[in-house]
Amino acid sequence: MMAFRSLHQIRALHRTAQISESSHLLGSSRSYASGISTVPELYCRNKGHGALPWTHGSSITLRSAMAVELPIFLNTRLLSTQVKAPAQARQMGALKVAMLSPGFIYEPYTPREKISFLKRWFTRSGWRRTKEDIVLELKSAYAITKLRKKGYSKNLFYKEAIQLYKEINTLMANGDKNSLRKAVTEKMFSELKNEIKQRDSIWNKVYWEMVEPVVKIRTLRARLIGVDRNDLEKVFIQLTLEFLTKQKFEAYDSNGSIVSGDKSKEVLVRDIWVFEKSLFHDKAFWRLCGRISL
């Protein structure tokens, strides 16, 4: 009797988590709901120093700067997020602004704890976990599907991401803040600039090299961040990548003496970086918007 009841519950869970055809899921915009989330990092249009080329000529009304996400209905519950904008942005009212970046990582990646087959399929907590895992995968699949409509190719993107990874690390090692500004978002630039300042107070010079090819690269998560609840095409996409690379590092003092590292030795390094791109600017390009430490 208990075995029959468990089997019946598993079938019910399967029906609950069953996914409809992609054409229905990705078809009409009416099938999407809006998870209202005011985007916090907004900048007034500026054609001077620091302005990015893909922000020229584009403006968004602050009232409509709200994040939109894929709604997935499981047990009739809508998945949404709410992020409160800073006081300065809320006080700006209806001022038109040019958006450079949302300014935050949406749903930062965290590794999922492994659970046994028996726990996953024969306990209520396991069923809930399975449903959560399905939702997370669906969000990533939806984001990648939308990105493919803009000509995305995983192999080409990986080549670009590896080049960005190498370029940003090299610029950091050389302390080239002017070039670094173009490869990262505004918030990320502020963090990296402080890191360079702190490093320069300890070491005079740094040598860094990545040994190619990379050992491993894979996508861990993909997320969309909308900026207009009335236009689902106005979105940013964030891709979280894992890099496993061999690197060489050496640091020197003002006399040129080695004080840390050894460039004759290769060190295996794992990094998790989040890259961001606007899908509603023709000249948009990928930039580093965050790093995740586990």
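Here is a quick tour of this predicted model, from the overall fold to a few salt bridges.

Residues are numbered from 1 along each chain as its sequence is written. Local features need pLDDT of at least 70 and side-chain atom pairs count only at pLDDT 80 or more, while totals for chains, interfaces and linings use all residues, and side-chain values use heavy atoms, with hydrogens and water left out.

**Overall picture**

The chain has eight helices and seven strands; these are DSSP runs numbered from the N terminus, with helices (H or I) of at least four residues and strands (E) of at least two. Of its 294 residues, 43% count as buried (buried is under 20% relative accessible area, exposed over 50%, partly exposed in between, with a 1.4 Å probe and protein chains only). Among contacts (heavy atoms within 4.5 Å) between residues at least 6 apart in sequence, 73% join residues at least 24 apart.

**Strands**

Strand S6 (residues 267–278) runs antiparallel to strand S4 (residues 235–252), with twelve bridges joining them. Two strands pair if DSSP finds at least two bridges between them. Phenylalanine 236 has serine 278 in S6 as its bridge partner. S6 also pairs with strand S7 (residues 287–292), again in the antiparallel sense, over five bridges; there, isoleucine 272 stands opposite isoleucine 292.

Isoleucine 144 sits in helix H5 (residues 124–148) and counts as buried because its relative accessibility is 14%. Leaving aside neighbours within four places in sequence, isoleucine 144 touches Tyr152, Ala222 and Leu239. Its C-alpha atom is 9.5 Å from that of arginine 221, 77 residues apart along the chain. Leucine 118, in helix H4 (residues 117–122), is a contrast: at 57% relative accessibility, leucine 118 counts as exposed.

**Salt bridges**

The count comes to 14 salt bridges, each one a side-chain nitrogen of Lys or Arg within 4 Å of a carboxyl oxygen of Asp or Glu. Here are some of them.

| Pair | N to O distance |
|---|---|
| Arginine 112 and aspartate 133 | 2.9 Å |
| Arginine 129 and aspartate 133 | 3.0 Å |
| Aspartate 200 and arginine 199 | 3.5 Å |

Arginine 112 and aspartate 133 meet in a salt bridge that links distant parts of the chain, with arginine 112 in the loop between strand S2 (96–97) and H4, and aspartate 133 in helix H5, 21 residues apart. Arginine 112 is partly exposed at 37%, whereas aspartate 133 is buried at 17%. Arginine 129 and aspartate 133 are four residues apart in H5, so about one helical turn separates them. In the last pair, aspartate 200 is partly exposed at 42% and arginine 199 is buried at 16%. Elsewhere, salt bridges that share partners join Arg112, Arg120, Arg129, Glu132 and Asp133 into one network.
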